[in-house]
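This report walks through selected local features of one protein model. Look over the sequence and the structure first.

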Amino acid sequence: MQFDLSEEQSLLVATIRRFVETELIPLEDEIEASGSLAPARARAIFEKSRALGFYAMNIPEEYGGGGLSAVDTMLVEEQFGHTKDILVRRAFGNVYESLLEGDAAQKERWLLPCVRGERTCSIAITEPGAGSDAAGIRTSARKAGDVYVLNGGKHFISDGLHSDFFVVSAVTDAAARPRHVSLFLVDKDLPGVTIGRDQPMMGLTGTSHVELFFEDVKLGREHLLGGEGRGLAIAYSTLGRVRLAQVGARAIGKASRLATLMTDYANDRVQFGKPIGEFQMVQQMIADSVVEINAARLMLLRAAWEIDRGRDARDWISMVKIEASETLGRVADRAVQVYGGMGYCADSVVERLYRDARIFRIFDGTSEIHRTVVAKSALKRGASLWDIGAP
């Protein structure tokens, strides 16, 4: 059992960390003030990142990506978590592994341009009546001869204003049980596709979250991703790694940044003649944060290790989603408490991170949904889920 990072991993983490600290974090104030990332800024950080080989590192080398293992991807994604979502998307890409399910022609048309940074994709599954319940979607794709006719709507589509195509879930056979859900590759400029309003958010400043509407959008079979009726299976299997990386790992990275800010402030802030870090109540908040961050990271790396060995890691991913997101919430709350009134000021980094942290317990399945997943698995599998010595 080896806990040290290899020389290559240490170099990878240090290099990404340096890029985040020197190229991305300095842009955060500008984004918070303007509400967006200027196109020229976005292009500049993309070019710098791509030149260094940082773009689409999660995609296999055969398609032009970085070819990182799941464990190495989590190490990198944790560093991404130190900065804002919009900066991560522009600098490092947001290429979804679900695109790997396409055939050769689909990969040529949709995947490869994403890896090169020429196109951008968003996942469009969430609907007003189907959030955590992905199987409850109402958007439909009805067969009409040689085409599918797409109708319905989606919301909370992250980066929807910037993306030029979407992976859209739709019911292809409403009478089938379980429901017949399929995925479609839908270009933004197709007739019948409409971008609705950009939903203002508490945090995640700079990242758009739009509504999508589809009215009699005609899609050929070349738009069907992975075969009819396989939509939920693809989503559950290929998006699990996305959930692990973009929620689990980034939550730990964000919590780590908050813990650093909190301890630095506790050393510098003097009250009653001594640094507040010498008060036991403050020390408890710091200690609890350190313990919880390390526990969440170990769970994250275990889940990634399971993926790299080709095992079904869905239970581990749900456990990480709960632990990492709730750890971030607690650390963010403690950081504001340690900062006191300064932590509540709108120009404080801690206040900004506190707002960004709250969504982690909601998106990609709420904590309550993932607890249900873990509980059902525990009742089915028994002690093997938690007892290292169980058969």
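The model is predicted. At 13% relative accessible area, Leu-204 is therefore buried. Leu-204 sits in the loop between strand E6 (193–198) and strand E7 (209–219). Its phi is near 55°, a positive value in a residue other than glycine.

Asp-216 also has a positive phi, about 50°, and is not a glycine. This residue belongs to strand E7. Its relative accessibility is 42%, so Asp-216 is partly exposed.

How many of the eight residues of strand E5 are buried? Seven are, so E5 (residues 180–187) is largely enclosed by the rest of the structure.

E5 pairs with strand E4 (residues 165–173) through eight bridges, and the two run antiparallel. Here Ser-169 stands opposite Leu-183 of E5. Strand E8 (residues 224–225) is antiparallel to E5 as well, joined to it by two bridges. Phe-184 has Leu-224 of E8 as its bridge partner.

## A surface patch and a pocket

Met-1, Phe-3 and Leu-298 make up a nonpolar surface patch. Met-1 comes in the segment before helix H1 (7–24). With a relative accessible area of 92%, Met-1 is exposed.

Phe-3 and Leu-298 also line the second largest pocket, where they are among the residues nearest its centre. The pocket holds about 770 Å³ of space. H1, helix H4 (70–80) and helix H8 (280–308) each give two or more residues to its lining. H8 supplies the largest share, seven residues.

## The enclosed cavity

Rolling a probe the size of a water molecule over the atoms shows where empty space is left. The structure has one cavity of 30 Å³ or more. The largest cavity contains about 180 Å³ of space.

Its lining counts 19 residues. Nearest the centre are Asn-58, Glu-77, Phe-80, Gly-93 and Arg-250. H4 and helix H7 (231–268) each contribute at least two lining residues. The largest share, five residues, is from H7.

## Salt bridges

Side chains of opposite charge can pair when their charged atoms come close. Across the whole structure, 33 salt bridges are found. Arg-250, one of the residues nearest the centre of the largest cavity, forms a salt bridge with Asp-85 at 3.8 Å, N to O. Arg-250 lies in helix H7 and Asp-85 in helix H5 (residues 85–92), so the pair ties together parts that are 165 residues apart in sequence. Both partners, Arg-250 and Asp-85, are buried.

Glu-292 and Arg-330 meet at 3.1 Å, N to O, in another salt bridge. This pair links distant parts of the chain, with Glu-292 in helix H8 and Arg-330 in helix H9 (residues 314–339), 38 residues apart. Glu-292 is buried at 17% relative accessible area, whereas Arg-330, at 32%, is partly exposed.

The side chains of Glu-306 and Arg-311 form a salt bridge at 3.5 Å, N to O. Glu-306 is buried at 6% relative accessibility. Arg-311 is partly exposed, at 44% relative accessible area. Elsewhere, Glu-32, Lys-84, Glu-351, Arg-355 and Asp-356 belong to one network of salt bridges that share partners.

Terms used: Residues are numbered from 1 along each chain as its sequence is written. This is a predicted model: local features need pLDDT of at least 70, side-chain atom pairs count only at pLDDT 80 or more; totals for chains, interfaces and linings use all residues. Side-chain values use heavy atoms; hydrogens and water are left out. Patches are made of residues with over 30% relative accessible area and no salt bridge: like charges are joined within 9 Å, nonpolar side chains (Val, Leu, Ile, Met, Phe, Trp, Tyr) within 5 Å. Accessible areas come from the Shrake-Rupley method with a 1.4 Å probe; for residues, only the protein chains shown count as cover. A salt bridge is a side-chain nitrogen of Lys or Arg within 4 Å of a carboxyl oxygen of Asp or Glu. Helices (H or I, at least four residues) and strands (E, at least two) are DSSP runs, numbered from the N terminus. Buried means under 20% relative accessible area, exposed over 50%, partly exposed in between (1.4 Å probe, protein chains only). Two strands pair if DSSP finds at least two bridges between them. On a 1 Å grid over the protein atoms alone, a cavity is a set of points where a 1.4 Å probe fits but cannot get out, and a pocket is an open set with protein on both sides within 12 Å along at least five of seven lines; lining residues have an atom within 4 Å of a point. Grid points are joined across faces, edges and corners, and a volume is the space filled by probe spheres set on the points.
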